[in-house]
Number of protein chains: 2
Amino acid sequence: MSGPVEFWFDPVSPFSYLATTQIEALAAAHGRTVTWRPVLIGVTVLKVMGLKPIPQTPLKGDYSWLDAMRLAAMFGVPLVRHGLTGVNSVAACRAFLWLRDRDEAMAKAFVRRVSARLWVDGVDITPVRTVVAEAEALGAVGGGLAEALAGPELKQRLAEAVDQAIARGVFGVPFFNVDGEPLWGCDRLWMLDHRLAHGRWPGPGEWRHTEPSGGGAP
Amino acid sequence: MSGPVEFWFDPVSPFSYLATTQIEALAAAHGRTVTWRPVLIGVTVLKVMGLKPIPQTPLKGDYSWLDAMRLAAMFGVPLVRHGLTGVNSVAACRAFLWLRDRDEAMAKAFVRRVSARLWVDGVDITPVRTVVAEAEALGAVGGGLAEALAGPELKQRLAEAVDQAIARGVFGVPFFNVDGEPLWGCDRLWMLDHRLAHGRWPGPGEWRHTEPSGGGAP
């Protein structure tokens, strides 16, 4: 099989940001393209699941950030903990849909950009004016994005996209579907890599990353 | 550094079961020992976190089982979804503490055994009589385990162990601490492997598991 890898993102998640830095190159290395799909994890999906956001979950919140920093170092990309509260990606995700209608590559670049603006530069990407400015910085000029973000059509389309994501089982980001197989987490990119390379998940012994470092059994 | 790897387990978790099949050999391959520590994820820790158990979480529950099956295949061990409800590991974890006082290797073997009884054979490991029988099957005879499980001391010691686990940031199982670094999840054993081999977490490029399978960039 050689269809596109599906990739659900939400710029509010640091793990989604990390995935935006890796997924295109990973898929391309195996001759695959990537279909990007927006989802609103913080404001919608967690409500379906009856959960609070990870950063506000006792114990798990602190670990989650430590884990994100480790993964950022592993991917060789910057990651900065912003002190912002109440950030949401509603306008950014609606803008993605609008941009995708016009230029898919630009739409992906936009998601990479706003994700990094939040998770590297600490810029609040919630306001519509910020979203429009970030799109314009990529060259999306004169297209009526600001007007579209004020209208009902993009609102409806994003709501449908979120409903479809939930119907597809998406409960966190980044979330992938490869050849009909769901996969959650940017910590699983190595498993996605293996699957794209071999057409199957890793088997016994194939998860070992390194040779024993010596010392022998105690 | 070469201290023991700490490993928190709870037999009620399939992911904990999977870890019990791997952690000793993994650590031994790098000349490390493992200190096993009990925790009650289902009945205690999730209350601290304000979460419901993963199997009862919409969307995530179904994925979680799919993921566990993939990981079992990756480790080359059996895993069967039991249809039991209300399983808890209170008696099993108390028995572990009692066994550890007497024979640490037997205590670890006991945890491996009861974990597999639940997750391979579908045996409910909740009843005290079952726990005692499983310990006796390993050779723990005539030591007064049944009496100890009826007394207050093991109850208090397990409660303290759970409190200590929470104080150490344990919010799920399997949970590890290696050289002061917390690590959660049996899907991260490859990162633990890397850390034990190199004394650091994987860096850029080191998460790639395979060479590109060809096909080139699209």
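Colleague: At what angle do the axes of helix α5 and helix α6 of chain B cross?
Modeller: Keep in mind that this is a predicted model. The axes of α5 (residues 90-102) and α6 (residues 104-119) of chain B cross at roughly 155 degrees, and they come within 6 Å.

Colleague: What makes α5(B) and α6(B) roughly antiparallel?
Modeller: The cut-off is an angle over 145 degrees. The two axes cross at roughly 155 degrees, so α5(B) counts as roughly antiparallel to α6(B). The crossing itself is right-handed.

Colleague: Which residues of α5(B) and α6(B) meet there?
Modeller: From α5(B) come Ala92(B), Ala95(B), Phe96(B), Leu99(B), Arg100(B) and Arg102(B). Their partners in α6(B) include Met106(B), Phe110(B), Val111(B) and Val114(B). Sorted by class, this contact has nine nonpolar, no polar and four charged residues.

Colleague: Now α5(B) with α9(B): why are these two called roughly perpendicular?
Modeller: The range for that label is 65 to 115 degrees. α5(B) and α9(B) pack at about 100 degrees, with axes 9 Å apart, so the pair is roughly perpendicular. On the α5(B) side the contact uses Val90(B), Cys93(B), Arg94(B), Leu97(B), Trp98(B), Arg100(B) and Asp101(B). Leu154(B), Lys155(B), Arg157(B) and Leu158(B) answer from α9(B). That contact has six nonpolar, no polar and five charged residues.

Colleague: Which residues of α6(A) and α7(A) are in contact?
Modeller: Phe110(A), Arg113(A), Val114(A) and Arg117(A) of α6(A) meet Val131(A), Glu134(A), Ala135(A) and Ala137(A) of α7(A). The classes here are five nonpolar, no polar and three charged residues.

Colleague: How do you know that chains A and B are related as by a two-fold axis?
Modeller: Chain B can be laid on chain A by a turn of 180 degrees and a shift of 0.0 Å along the axis, with an RMSD of 0.0 Å. The copies are thus related as by a two-fold rotation axis. The same surface serves both copies, as 100% of the contact residues of chain B recur in chain A.

Colleague: What makes the pair of Phe7(A) and Phe176(A) stacked?
Modeller: There are 27 aromatic pairs over all chains, and this is one of them. Phe7(A) and Phe176(A) are 5.6 Å apart centre to centre, with 20 degrees between the planes. Centres must lie within 6.5 Å to pair, and planes under 30 degrees apart count as stacked, so both tests are passed. Phe7(A) belongs to strand β1 (residues 5-9) and Phe176(A) to strand β3 (residues 175-178), so the pair ties together parts 169 residues apart in sequence.

Colleague: What is the phi of Leu59(A)?
Modeller: Leu59(A) has phi near 70 degrees, a positive value in a residue other than glycine. Most residues other than glycine have a negative phi. You'll find Leu59(A) in the loop between α3 (41-49) and α4 (60-75) of chain A.

Terms used
Residues are numbered from 1 along each chain as its sequence is written. Chains are lettered from A and ligands numbered from 1 in the order in which they are written. This is a predicted model: local features need pLDDT of at least 70, side-chain atom pairs count only at pLDDT 80 or more; totals for chains, interfaces and linings use all residues. Side-chain values use heavy atoms; hydrogens and water are left out. Copies are superposed by least squares on the C-alpha atoms of residues with pLDDT of at least 70 in both. Contact means heavy atoms within 4.5 Å. Axes are lines fitted to C-alpha atoms, for helices over the stretch in contact, and angles run from 0 to 180 degrees between N-to-C directions. Helices (H or I, at least four residues) and strands (E, at least two) are DSSP runs, numbered from the N terminus. Angles under 35 degrees count as roughly parallel, over 145 as roughly antiparallel, 65 to 115 as roughly perpendicular and the rest as oblique. A crossing is left-handed if the near helix is turned anticlockwise from the far one by less than a right angle, and right-handed if clockwise. Ala, Val, Leu, Ile, Met, Phe, Trp, Tyr, Cys and Pro count as nonpolar, Asp, Glu, Lys and Arg as charged, and the others, Gly among them, as polar. Rings of Phe, Tyr and Trp (its six-membered ring) pair if their centres lie within 6.5 Å; planes under 30 degrees apart count as stacked, over 60 as edge-to-face and the rest as tilted.
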